[in-house]
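Here is a short briefing on one protein model. Look over the sequence and the structure, then read the points below.

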Amino acid sequence: VYPVGVGTEDNPSPLTDAEVTMPLESPAWYPPASIRAEYEADGDYLPRMIPPGPDNPLGSHALMLSEKGYLIHGTNKQFGVGMQVSHGCFRMYNEDISRFVYEVSKGTPVRVIKEPVKIGMKGKEVWLEVHRPEEEYSKQDREKLWQEVAVAVEAFREKMPGVEVQRMAIELAVDQADGLPRMIGEQVTRVANESAEPQRSTPDGDETREQRLWF
């Protein structure tokens, strides 16, 4: 799991099923015509190619994707990681992408999804991940997310019997809505150890053994 920066509302990242086509080390950046036009409209000049180095927006490494025009790459503006700031590419910290680029191979599937609420098991632990829709977290957005979380948690508990969750942990995940996975409960189904129960005699001399089943 790595933090990333994604596209703005005007230039959203594509929801797509793609794959890695090529790793790049010290990439040069060739700004598309649309971005150069934006700079020109603001009175700035953007060259057709920016060479590798500290001023390169792609950072130290990049992964080219089969989704034309989009990359997973480093950055020269670390504050943008974790925010909606790009033109659709996926920004990572240079220290992360410099390792990640060598952990994946050509043809590795890349699935871009938009799921504000995700819940699942890790071992016997229940984990919840909640993403706010925008940096500004309004009361309306929070209430909507809370409803989605409530539905997701209830459906998960029906599917996974024996699971207990903590309301305070869920409320914290919704209040923060920062996309970080948080443990909210665990699977607690237990069967008492039959051999640990003592024997006892009934009035007629027959021996019985107590058993308890916990849910």
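Alanine 177 is buried, at a relative accessible area of 2%. Here buried means under 20% relative accessible area, exposed means over 50%, and partly exposed lies in between (1.4 Å probe, protein chains only). This is a predicted model: local features need pLDDT of at least 70, side-chain atom pairs count only at pLDDT 80 or more, and totals for chains, interfaces and linings use all residues. Residues are numbered from 1 along each chain as its sequence is written, and side-chain values use heavy atoms, with hydrogens and water left out.

**Positive phi angles**

- Alanine 177 has a positive phi of about 45°, although it is not a glycine.
- Alanine 177 sits in the loop between helix 4 (167–176) and strand 11 (182–187). Helices (H or I, at least four residues) and strands (E, at least two) are DSSP runs, numbered from the N terminus.
- Serine 26 is not a glycine either, yet its phi is positive, at about 50°.
- The loop between strand 2 and helix 1 holds serine 26. With a relative accessible area of 43%, serine 26 is partly exposed.

- Five strands form an open sheet in the order 6-4-3-2-7, with mixed pairing. Two strands pair if DSSP finds at least two bridges between them.
- The edges are strand 6 (90–91) and strand 7 (109–111). Each has a single partner strand, so one side of each lacks a neighbour in the sheet.
- Strand 3 and strand 4 (residues 71–73) run antiparallel, joined by three bridges.
- Alanine 62 has histidine 73, in strand 4, as its bridge partner.
- Threonine 21 belongs to strand 2 (residues 17–25). Its relative accessibility is 26%, so threonine 21 counts as partly exposed.
- Threonine 21 and glutamate 67 are 46 residues apart in sequence, and their C-alpha atoms are 9.4 Å apart.

**Salt bridges**

- The whole structure has six salt bridges. A salt bridge is a side-chain nitrogen of Lys or Arg within 4 Å of a carboxyl oxygen of Asp or Glu.
- One of them pairs aspartate 17 with arginine 111, with the closest N and O atoms 4.0 Å apart. This pair links distant parts of the chain: aspartate 17 is in strand 2 and arginine 111 in strand 7, 94 residues apart. Both aspartate 17 and arginine 111 are exposed.
- Arginine 99 and aspartate 96 form a salt bridge at 3.2 Å, N to O. The two are three residues apart in helix 2 (residues 94–100), so about one helical turn separates arginine 99 from aspartate 96.
- Arginine 99 is partly exposed, at 45% relative accessibility, whereas aspartate 96 is buried, at 10%.
- Glutamate 129 and lysine 118 also meet in a salt bridge, at 3.4 Å, N to O. Glutamate 129 lies in strand 9 (residues 125–130) and lysine 118 in strand 8 (residues 117–122), so the pair ties together parts 11 residues apart in sequence.
- Glutamate 129 is buried, at 17% relative accessibility. Lysine 118 is partly exposed, at 26%.

**Charge on the surface**

- Glu9, Asp10, Glu38, Asp42, Asp44, Glu134, Glu135 and Glu136 form a negative surface patch.
- Patches are made of residues with over 30% relative accessible area and no salt bridge; like charges are joined within 9 Å, and nonpolar side chains (Val, Leu, Ile, Met, Phe, Trp, Tyr) within 5 Å.
- Aspartate 44 lies in the loop between helix 1 (33–41) and strand 3 (61–65). Aspartate 44 is partly exposed, with a relative accessible area of 42%.

Note on methods
Accessible areas come from the Shrake-Rupley method with a 1.4 Å probe; for residues, only the protein chains shown count as cover. Lys and Arg count as positive and Asp and Glu as negative; His and the chain ends are not counted. The place of a charge is taken as NZ of Lys, CZ of Arg, CG of Asp or CD of Glu.
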